[in-house]
Amino acid sequence: MKKILVIDDSPTVRQQVGLALSQAGYQVIEAVDGLDAIGKVDATVAMLICDVNMPRMNGLEMLEKLRTDARWKTLPVVMLTTEGQPGLIERAKKAGAKGWIIKPFKAELLVAAVQRLTA
Amino acid sequence: MAKTMLDRLRRTRERVIARVRQVNQTTETDVLAAGRHVQRVVEVAHRHIARLREVLAGPVGNEDSDLGRAIRSQSEHVRQHTSSVGKVVAEHASQVAAVAESVRSITAAARDIERLNAAARVLSINARIEASRSSGSAVFSTIASEMQQLSKAIAGANKTVYDLAATMEKTVPQLLRHSQHLAQVVEGYAHEARDRIEAVDRRVAELRSEVGNVLADSDNALAEVVSESHAALSKMQFQDVCAQSLLQIDGWIADVSHQLAADFGVRGDIPPVAHTTVGNDDVEVNRREAGEVMLF
């Protein structure tokens, strides 16, 4: 069972992403912000789904920090956010994000994206 | 004047933030509870369908099930048994027919013996005539006497053979009829057994097909439950989206406050925004397109 790390400061979003992915057969672990995620990512994690606007460390900072570690250079990360600014999307893309989803997400499309990126 | 406006804006922001937190807390609790309900529905559906699959696919739906194997084994046993009984009965009938033929041969042989005996009697009479012609020749007289005794003995033995053959000729056809009747009964039973086995096989195939249909329907129902659950999960995000929007309003009022303070050159008590955002641009997202996945 592949493990997905869901990072969002909203417990409802973490729950909704978690339910959608667990119904599709994934194991889900949660982090409440970027800093929490950095402490939880390990070799068993297959993919990250990350909010952008979060306290302590936002999603883009977390992504940029993550990529400085050689172990997580290619770990798939998809940003899931209410933001839709092209500048932010471009920044995430440059930092090595594999996708960008604007909330509210469609559960089946999210699951399809995860299936594709973890295949 | 500017300071008063800044105070009013600050108090407005405080009220907005307090209201947002209050509403957010309430709706968040409700949304989380709804999410748990959705999950429970999916889990119950999953469990019931798994149980249904276990119950249905176990005894009938699966060819390797105990019941499936027992039915096949019993059918095969009956097929082999009726086939071997049929062969034995047919062999028996054939042997009885051979016996009937042998009895007819014995009767024919007895008739031949009778004819030969009649010839021996003629020879005995001739010997007696020769004995009287040759004035009581001892030799002819002895031959005539011996042949007469021999002829009587042969006639006696032949009568026994005749009687036995006659008895057998009466009995063997009865035996043959019984044998043929038995063969018919066995053949009828074999046909009936085959029909019943075929009926059982057909019913098992129908059941397996019905089970397959029920399981396929169940899988479709489960897929529908999961799909509905996904739709519900998608819609339940209203709380987070609303909260984000309200917190954005706080950010905009904070911006206005800073502009006012700068324009009028006053230092106001402007609290930081409740929810910091990475981007400051006010980009309106087309919500109809929200949820679409951009993969890089």
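1. How many helices and strands are there in chain B? There are four helices and one strand, where helices (H or I, at least four residues) and strands (E, at least two) are DSSP runs numbered from the N terminus. Read from the N terminus, the order in chain B is α-α-α-α-β.

2. This is a predicted model, in which local features need pLDDT of at least 70 and side-chain atom pairs count only at pLDDT 80 or more, while totals for chains, interfaces and linings use all residues. Residues are numbered from 1 along each chain as its sequence is written, and chains are lettered from A, with ligands numbered from 1, in the order in which they are written.

3. Chain B has 296 residues, of which 10% are buried (20 or more other C-beta atoms within 10 Å of the residue's own, with C-beta atoms placed from the backbone). Of the chain B contacts (C-beta atoms within 7 Å) with a separation of 6 or more, 81% join residues 24 or more positions apart.

4. In chain A, helix H5 (residues 107–118) has twelve residues and spans 16 Å from first C-alpha to last, close to the expected 16 Å (1.5 Å times one less than the number of residues). Its buried residues are Ala107(A), Leu110(A), Val111(A), Ala113(A) and Val114(A). These line one face of H5(A), because they fall within an arc of 160° seen down the axis (the arc of the directions from the helix axis to the C-beta atoms).

5. Helix H3 (residues 59–66) of chain A buries Gly59(A), Leu60(A), Met62(A), Leu63(A) and Leu66(A). They lie on the same side of H3(A), since they cover an arc of only 160° around the axis. The buried residues of H3(A) pack against chain A elements including strand E1 (3–7), helix H2 (34–40) and helix H4 (86–95).

Technical notes: Buried ≥ 20, exposed ≤ 12 C-beta atoms within 10 Å, placed from the backbone. Contact = placed C-beta atoms within 7 Å.
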